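Subject: Structure handover

Hello,

Here is the structure we talked about. My notes on it follow below.

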Amino acid sequence: MSKAIEVDYDLPGPPATVWRALTDPKLLASWLMENDIKAEVGHRFMFRSKPMGDWDGKVDCEVLEVVPNERLVYSWRGGSGRHVLDTTVTWTLAAKPGGGTRLRLVHAGFTDDNPMAYEMMGRGWRDKTGALAELSLA
Amino acid sequence: MDVFRALADPTRRAVFEQLTRGEATVKDLTKRFAVSQPAISQHLGALRKGGLVAERREGKFTYYRVEPTGLRPLVNWIEHYQAFWLDRLAKLKALMQELEDE
């Protein structure tokens, strides 16, 4: 089963400016992370950040779809192991009637059923990580 | 060493699974697995660095047990990213305001 994060966000400025903030490496770095993005289908790039907790601070990406000022899709693999977090990020931009841009973010492909987590977790683990005694491993 | 790398090795995973059944010493584990004592110690070290295993000393023995919250990172990505994106979108909004003022 796969889950997604969906966020609609209203921003000042026209879609063309938001597009710059999404695709210009310098601008993108100022609000997201250091990167070497290029708005070209097939371009592979990486986001880099400080390691944080369990996350090594790196995200591997590949541009999958580009519709200038409207839609940008890239894969988002990383976290602590590329097989564990294999997701896609989709940005959709739409001009708002009164000015400004509605930006929609869909971060999709989160999955509960990565084999390793499943193998290691008995039922109920997810809700009660503290209750190890109830954990049964076949 | 993160959780995923800590569990990538089959023997290490087996050691971890064994510990979910109860505390054990290096000696107990060596008996159980056809692996040398230094190898078991090395696996335990990796599991400890990955936050999956904790240790307790009693007399001359060290007992190892699983760390209950260790597997959390495997399942909490979605929560992590929900908070992450909201934080970053707020930054994007601030940037957009700056660009508009230019």
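Which residues of H1(A) are buried? They are Pro15(A), Thr17(A), Val18(A), Trp19(A), Ala21(A) and Leu22(A). A residue is buried if 20 or more other C-beta atoms lie within 10 Å of its own, exposed if 12 or fewer, and partly exposed in between, with C-beta atoms placed from the backbone. Helices (H or I, at least four residues) and strands (E, at least two) are DSSP runs, numbered from the N terminus.

First, the ground rules. This is a predicted model: local features need pLDDT of at least 70, side-chain atom pairs count only at pLDDT 80 or more, and totals for chains, interfaces and linings use all residues. Residues are numbered from 1 along each chain as its sequence is written, and chains are lettered from A and ligands numbered from 1 in the order in which they are written.

The two chains

Chain A has 3 helices and 7 strands. From the N terminus, its elements run β-α-α-β-β-β-β-β-β-α. It has 138 residues, and 25% of them count as buried. Two residues are in contact if their C-beta atoms, placed from the backbone, lie within 7 Å. Of the contacts in chain A between residues at least 6 apart in sequence, 35% join residues at least 24 apart.

Chain B has 6 helices and 2 strands. Its pattern along the sequence is α-α-α-α-β-β-α-α. Of its 102 residues, 27% are buried. For contacts in chain B with a separation of 6 or more, residues 24 or more positions apart account for 54%.

Where the helices meet

Back to H1(A). Its buried residues pack against strands E1 (2–11), E5 (71–78), E6 (85–95) and E7 (101–111) and helix H2 (25–31) of chain A, together with H6 of chain B.

The H6(B) packing has its own geometry. Helix H1 (residues 15–23) of chain A and helix H6 (residues 77–101) of chain B pack at an angle of about 125°, and their axes are 11 Å apart. Axes are lines fitted to C-alpha atoms, for helices over the stretch in contact, and angles run from 0 to 180 degrees between N-to-C directions. That angle makes H1(A) oblique to H6(B). Angles under 35 degrees count as roughly parallel, over 145 as roughly antiparallel, 65 to 115 as roughly perpendicular and the rest as oblique.

Which residues meet there? From H1(A) come Thr17(A), Val18(A) and Ala21(A); from H6(B) come Leu92(B), Leu95(B), Met96(B) and Leu99(B). The contact divides into 6 nonpolar residues, 1 polar and no charged. Here Ala, Val, Leu, Ile, Met, Phe, Trp, Tyr, Cys and Pro count as nonpolar, Asp, Glu, Lys and Arg as charged, and the others, Gly among them, as polar.

Helix H2 of chain B

In H2(B) (residues 10–19), Arg12(B), Val15(B), Phe16(B) and Leu19(B) are buried. Seen down the helix axis, these buried residues fall within an arc of 100°, so they line one face of H2(B). The arc is that of the directions from the helix axis to the C-beta atoms.

Two residues in chain A

Lys58(A) is in strand E4 (residues 58–67). Lys58(A) is partly exposed, with 16 other C-beta atoms within 10 Å. Leaving out residues up to four places away in sequence, Lys58(A) touches Met46(A), Arg48(A) and Gly78(A). Its C-alpha atom is 9.8 Å from that of Glu34(A), 24 residues apart along the chain.

Asn69(A) lies in the loop between E4 and E5. Its phi is near 65°, a positive value in a residue other than glycine. Most residues other than glycine have a negative phi. Asn69(A) is partly exposed, with 18 other C-beta atoms within 10 Å.

Best wishes
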